[in-house]
Amino acid sequence: MSGLVLFRSVRRITPQLWTRSSSCLTSQLLVPSRHHTVPECSPLHRQVTITSLRFVTTNPNDFIAASLIDSVTFEAVCSDTLESLCDYFEQLVEETSFLKAADVTYGDGVLTVNLGQPYGTYVINRQSPNRQIWLSSPTSGPKRYDFVPDKSTVNEGCWVYKHDGVSLHELLQQEIGAITKGEVQFLELPHSRRK
């Protein structure tokens, strides 16, 4: 529940440090950049969205995954991404003669693409607690991708590995393109392009 501060009946937040609740990352502090007027909250939830917060953290890896999208958007975008990747991998296996023995399976947020020897197995899976997609590649190794939404709409954007800035689809375009020795279209799939 990124960007949400839990409290009882506060109507105005002053510029003081707010630590996140125990259900969130404890290393991260939310620092309001100025006074924020808070609307009346539901008595049931008591949650108020704060949109102009600076994130101060002792762990630089916390920022992207914890702050960019809410869990409902993450689940929708992640499912759409994994399902489209599954469909496209199945299409590639059917169209590539030397990959006929390959196996593509998808279930419970885990996409496994076994391309056989000498290519190996790709595993792409949802990590809901971190709001990430994790990739295990026989070529480039493990990577963790964060969804970076487009500025105009949160449902569009791409999955980016923050250590090198390469998107999931760009990496698959490169690696799978080298395996199939042909034109691949990963950059045409949903949530693959930077706007």
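Me: Where is Arg131 found?

Reply: Arg131 is found in the loop between E10 and strand E11 (132-137). Helices (H or I, at least four residues) and strands (E, at least two) are DSSP runs, numbered from the N terminus.

Me: What kind of model is this?

Reply: This is a predicted model, in which local features need pLDDT of at least 70 and side-chain atom pairs count only at pLDDT 80 or more, while totals for chains, interfaces and linings use all residues. Residues are numbered from 1 along each chain as its sequence is written, and side-chain values use heavy atoms, with hydrogens and water left out.

Me: Back to Arg131. Is Arg131 buried or exposed?

Reply: Arg131 counts as buried, at 10% relative accessibility. Buried means under 20% relative accessible area, exposed over 50%, and partly exposed in between (1.4 Å probe, protein chains only). Arg131 also has a positive phi of about 55° although it is not a glycine.

Me: Why point that out?

Reply: Because most residues other than glycine have a negative phi, and most peptide bonds are trans. Lys181 likewise is not a glycine and has a positive phi of about 55°. Lys181 lies in the segment after H3 and counts as exposed, at 67% relative accessibility.

Me: Which peptide bond is cis?

Reply: The bond from Gln117 to Pro118 is cis, with omega near 5°. Pro118 sits in the loop between E9 and E10.

Me: New topic. How many aromatic pairs are there?

Reply: The structure holds 6. Rings of Phe, Tyr and Trp (its six-membered ring) pair if their centres lie within 6.5 Å; planes under 30 degrees apart count as stacked, over 60 as edge-to-face and the rest as tilted. The ring centres of Phe98 and Tyr119 are 6.1 Å apart and the planes are at 45°, so this pair is tilted.

Me: What does the pair tie together?

Reply: Phe98 lies in the loop between helix H2 (71-95) and strand E8 (103-107), and Tyr119 in the loop between strand E9 (110-114) and strand E10 (121-127), so the pair ties together parts that are 21 residues apart in sequence. Phe98 is partly exposed, at 42% relative accessible area.

Me: Which residue lies over the face of Trp134?

Reply: Arg144, at 4.0 Å from the ring centre. A charge sits over a ring if NZ of Lys or CZ of Arg is within 6 Å of the ring centre and within 35 degrees of the ring normal.
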